[in-house]
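Subject: Structure for you to look at, with notes

Dear colleague,

I am handing over the structure below, and I would be glad if you kept it open while you read the notes that follow it.

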Amino acid sequence: MKFRFCGDGDCPDWVLAEIHSNLAQLTPDQLNQLGEHTAKSILGAVIPEDEISKIYAITKGSMDAPKGGMACLRFLLTIASRYNTEIAVFGTELQQLGLPKEHTAIMCRLLGDHVQKIRTVLRDNSLSINQLETFQCSIPKNTIDCIQLKIGIHNEIVDGVPQKTNHTVNLNRNDALLLLNELKSVRDTMENYNFDKKYTEEK
């Protein structure tokens, strides 16, 4: 089936699975709490993990279910906001996906309460996902023809939540030179695009 809240596309299988095995199993009050936390997270708030674990009554063990629930809610709220989905249509399609009626009413209220702010965030951050924050290049000791890249990423989506992350990548000399040439090519393409755009606007 095609869904309007998905831009007249298919609903991802993982979202459907989370709706049936996770969101539908929550009480309406639990879903409301998780939804409010998720909406605040979309808007930039940092949600403590213990606040989410309380909703699922988790004192220790895996956080897979809470993180999966938040990732699913994040997808539903952001995608419906992005495609300007009418609340009535959003509710009907969620019920078609198997979300109980009372749960659907909560989701519709959450969308109605937060849709304008979510759209603003989506517009302002349209090119800011996975932003490069820090970059270091070094040659590890006791290596031959190898370099090490340390990359800091801002707003990387991890388990449905934007986080700051750090990654270490080891490359041999030939791969590093190939990467450098490709990055230079991308830079030149972007500079030409910006020049053409500026020239067109001036005309």
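The place to begin is Leu77, which lies in helix 4. Please keep in mind throughout that this is a predicted model.

Is Leu77 buried or exposed? Its relative accessible area is 1%, and since a residue counts as buried when that value is under 20%, Leu77 is buried. Leaving out residues up to four places away in sequence, Leu77 touches Gly35, Ala39, Ile42, Met107, Leu110, Leu111 and Ile118.

The whole chain

Stepping back from that residue, you will find seven helices and three strands in the chain, and if you read along the sequence they come in the pattern α-α-α-α-α-α-β-β-β-α. The chain has 203 residues, of which 35% count as buried. Among the contacts in the chain with a separation of 6 or more, 58% are between residues 24 or more positions apart.

Helix 4 and its partners

Helix 4, which covers residues 64–82, packs with helix 6, residues 101–124, at an angle of about 65 degrees, and the two axes are 8 Å apart. Because of that angle, helix 4 is roughly perpendicular to helix 6, and the crossing of this pair is right-handed. On the side of helix 4 the contact involves Leu73, Leu76, Leu77, Thr78, Ala80, Ser81 and Arg82, and these meet Met107, Leu110, Leu111, Val115, Ile118, Arg119 and Leu122 in helix 6. Sorted by class, the contact of helix 4 with helix 6 has 10 nonpolar, two polar and two charged residues.

The second pair to look at is helix 2, residues 28–42, with helix 4, where the axes come within 9 Å and cross at roughly 65 degrees. That makes helix 2 roughly perpendicular to helix 4, and the crossing of helix 2 and helix 4 is right-handed. Helix 2 brings Leu31, Leu34, Gly35, His37, Thr38, Ala39, Ser41 and Ile42 to this contact, while helix 4 brings Gly69, Met70, Leu73, Arg74, Leu77 and Thr78. By class, the contact of helix 2 with helix 4 is made up of seven nonpolar, six polar and one charged residues.

The contact of helix 1 with helix 4 has seven nonpolar, two polar and one charged residues.

The nonpolar core

In soluble globular proteins, nonpolar side chains tend to be buried together. Which residues touch the most other members of the largest nonpolar core in this model? The core has 35 residues, and those with the most contacts to other members are Phe5, Leu23, Leu34, Leu76, Leu77, Phe90 and Met107. Helix 1, helix 2, helix 3 (49–55), helix 4, helix 5 and helix 6 each supply at least two residues of this core, and the largest share, eight residues, comes from helix 4. Leu76 is in contact with Phe5, Val15, Leu23, Phe90, Leu94 and Met107, if its neighbours within four places in sequence are left aside.

Most residues other than glycine have a negative phi. Asp8 has a positive phi, near 60 degrees, although it is a residue other than glycine. Asp8 is found in the segment before helix 1 (13–21), and because its relative accessibility is 54%, Asp8 counts as exposed. Asn84 is not a glycine either, and its phi is positive at about 55 degrees. The place of Asn84 is the loop between helix 4 and helix 5 (87–96), and at 52% relative accessibility Asn84 counts as exposed.

With best wishes

Key:
Residues numbered from 1 in each chain as written. Predicted model: local features only at pLDDT ≥ 70, side-chain atom pairs only at ≥ 80, totals over all residues. Heavy atoms only, no water. Axes fitted to C-alpha atoms, helices over the stretch in contact; angles between N-to-C directions. Helix = DSSP H or I, 4+ residues; strand = E, 2+ residues; numbered from the N terminus. Parallel < 35°, antiparallel > 145°, perpendicular 65-115°, else oblique. Left-handed = near helix turned anticlockwise from the far one by under 90°. Contact = heavy atoms within 4.5 Å. Nonpolar A, V, L, I, M, F, W, Y, C, P; charged D, E, K, R; others polar. Buried < 20%, exposed > 50% of the residue type's maximum accessible area, 1.4 Å probe, protein only. Core = buried A, V, L, I, M, F, W, Y, C linked by side-chain atoms within 4.5 Å.
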